[in-house]
Amino acid sequence: MCTVGFSTGALAYEDFAHALELLEPTRATAVELSALRSVELPALLAALPSIFGTLKNRYRYISFHAPTNFTDEPGMVEQLMEIAGRGLNIIVHPDCIKDRSLWRRLGSHLCLENMDSRKPTGRTVAELAGFFADLPRAKLCFDIAHARQVDPTMTEAACILTEFGDRLAQVHMSEVNSRGKHFAMSFGAKHAYEPFACAMSKVPVILESVVEASNIEKEIDAAVKILSHHTGYYTHAESTHEEAVELAYVYRG
Amino acid sequence: MQASALDRLRAGDAARWATIANAQALSRSKMAALAEIAADLLPTDEGTLVVFGSLARGEYTADSDLDWTVIIDGLADSGHLKIVQSLRPNLTGAGFKVPGPTEVFGGLVFSHDLIHAIGGDEDTNKNMTRRLLLLLESAPIDLSGSKLVHSRVLNGILNRYVEEDANFIAANQHKNKIPRFLLNDVVRFWRTMAVDYANKYRVRGREKWALRNIKLRMSRKLLFVSGFFMCITWTLQNPDPADEPLITQRLVSYLRDWTQKPPLESLATIVEEYGPSLADDIFGAYDSFLALLNNKEHRELLERLSPDEAYENPIFLAARDEAYRFDEALTKLMFDTDERVTALVKKYGVF
């Protein structure tokens, strides 16, 4: 069964509490707590002790997205150690890392994300290789939308998974335009992602699609269908038998 | 840094094929100069300054001109023209010779036509030339955004060849599959270069005829041979059947990696693996060719010779003899070194 959920940052800008409320009644089985902007971090850290137990009961997988606009790098790592202490994967943008030695403290909780084309580094295998060499315990957050934006043929995506697939800890899924803005997945994006279903279905998938509350379930459904592509079966627990038969027919046909 | 195949073939003798080594060193310094000139001009992730010709091949000599193009792969912006307008005087000011009169180079190009117009009426001679040279002898300047966009456009072009190739439709399970659509375009380009060589004699007369003749026999042939091996050697890699769902990406990645190496280095990898005994004839002849281009007096002589004069001129005849040596060694490489290679050359080289 696939583990699919949402990033709080995609659901409610700078308001993780509201995002969690929106996600709670859905079929999501994972959540990424996002503090993409440094100003979001104190409130999230303060709330975490009281909500963590509830979240653990509600979701199979919880991760944390680190801020990207900090200036005090040692101070940021220090704060993130608290998150690591709770056993969460911490998603970090490689271009935010200046002193790699500082980040070794996060050990295998550090999860480096491949970047979109606007970033100066971390976009390709060649650019990621140095980070993983210096941070040998770091894992990979494979952002398939970033990979597609960098290279629409998905060749770079395949190269990233070939090279760093053994580090794969989670996936980010959405559609990203040339300016780096996240959207719900289009037909083209879904089609491009399907060949990667086998690798992606083995780890939790976090959706970063910016969607209205009414479309959360629809986007989760789309992700589950993509992930089910390699088996030919629609495997989500709440899918109906008729859907499963219909989809199996479509994929096998 | 890992030694190149060419260096390994030198077997520790740094003086072997010294003109090639000098041209490679000069090319590196010229590329560094170009990166400085263009550093602030290009859009972050939607444009690339690409060089072609001798500089891209790592064969830049004292009198080489600079074939360059700014490729835009992103949102259309009328301001892009200003990049080109700023580049031109900066390049001239830095002592680079301007591209030839064909207008294939020295301007602004959009990735759309390179990727979409393959074959058919829209695929003009100019578009095909740009596309194939992008695959066979191009290099982005050493700026991360420029390299990213160059790589993305290469992937886009290669992906078209593979995606629409009947050999790579999922149901086609026959062995020894090669990217035949791409190979056909490589062959078409080689023959087009040969035809255009004849046409240029009609249009331009004797001007640079002898130089073009020798270049056709050497550097142009090198492009074809490199492109040919790029296509047929994929199947020699014994692709993993488990990779079948991602075969398009795997093949595009293989082809892209090949296109990002200079053609002499690509050829060296083949010679090293299948015909090391041919190294002296192949790279020795090519070294002589570069030495000829690097000799101002001889180069200028070749630029002046008419066809009638050329066949009585010792400089031209010596260059032609080296071209014969190059040709014969390449023919041996294709037909007399490795059974699998020969089988593929026979299977795909004619029909």
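Which feature does UniProt place at residues 34-75 of chain B?

1. The record answers with "domain: Polymerase nucleotidyl transferase", and the entry is unreviewed. In this model, which is predicted, the end C-alpha atoms of residues 34-75 of chain B lie 24 Å apart. That span is 24% helix and 24% strand.

2. On confidence, the model scores ipTM 0.74 and pTM 0.87. Chain B averages a pLDDT of 92, and 98% of its residues score at least 70.

3. Four strands of chain B make an open sheet with mixed pairing, and their order is S3-S2-S1-S4. Which strands stand at the edges? They are S3 (107-110) and S4 (139-140) of chain B; each has a single partner strand, so one side of each is left without a neighbour in the sheet.

4. One pairing in this sheet can be followed residue by residue. Strand S1 of chain B, residues 47-51, runs antiparallel to S4(B), and two bridges join them. Val51(B) has Ala139(B) as its bridge partner in S4(B). In general, strands of a sheet pair through backbone hydrogen bonds, either parallel or antiparallel.

5. A helix belongs in the description of this sheet too. Helix H7 of chain B, residues 144-163, lies across S1, S2 (68-72) and S4 of chain B. The helix runs at about 80° to S1(B).

6. Eight strands of chain A close into a barrel, with parallel pairing, in the order S1-S2-S3-S4-S5-S6-S7-S10. From one strand to the next, the twist averages 30°.

7. Strand S2 (residues 30-34) and strand S3 (residues 61-65) run parallel and are joined by five bridges. Within that pairing, Ala30(A) has Tyr61(A) as its bridge partner in S3(A).

8. Last, the place where the chains meet. How many residues of chain A are in contact with chain B? There are 17, and they touch 17 residues of chain B. Helix H8 of chain A (residues 155-164) supplies the largest share of chain A's side, namely three residues. By class, this side of chain A holds eight nonpolar, six polar and three charged residues.

Conventions. Residues numbered from 1 in each chain as written. Chains lettered and ligands numbered in written order. Predicted model: local features only at pLDDT ≥ 70, side-chain atom pairs only at ≥ 80, totals over all residues. Contact = placed C-beta atoms within 7 Å. Nonpolar A, V, L, I, M, F, W, Y, C, P; charged D, E, K, R; others polar. Pairing = 2+ DSSP bridges. Axes fitted to C-alpha atoms, helices over the stretch in contact; angles between N-to-C directions. pLDDT = per-residue confidence, 0-100. UniProt positions renumbered as here; feature names shortened; annotations may be inferred.
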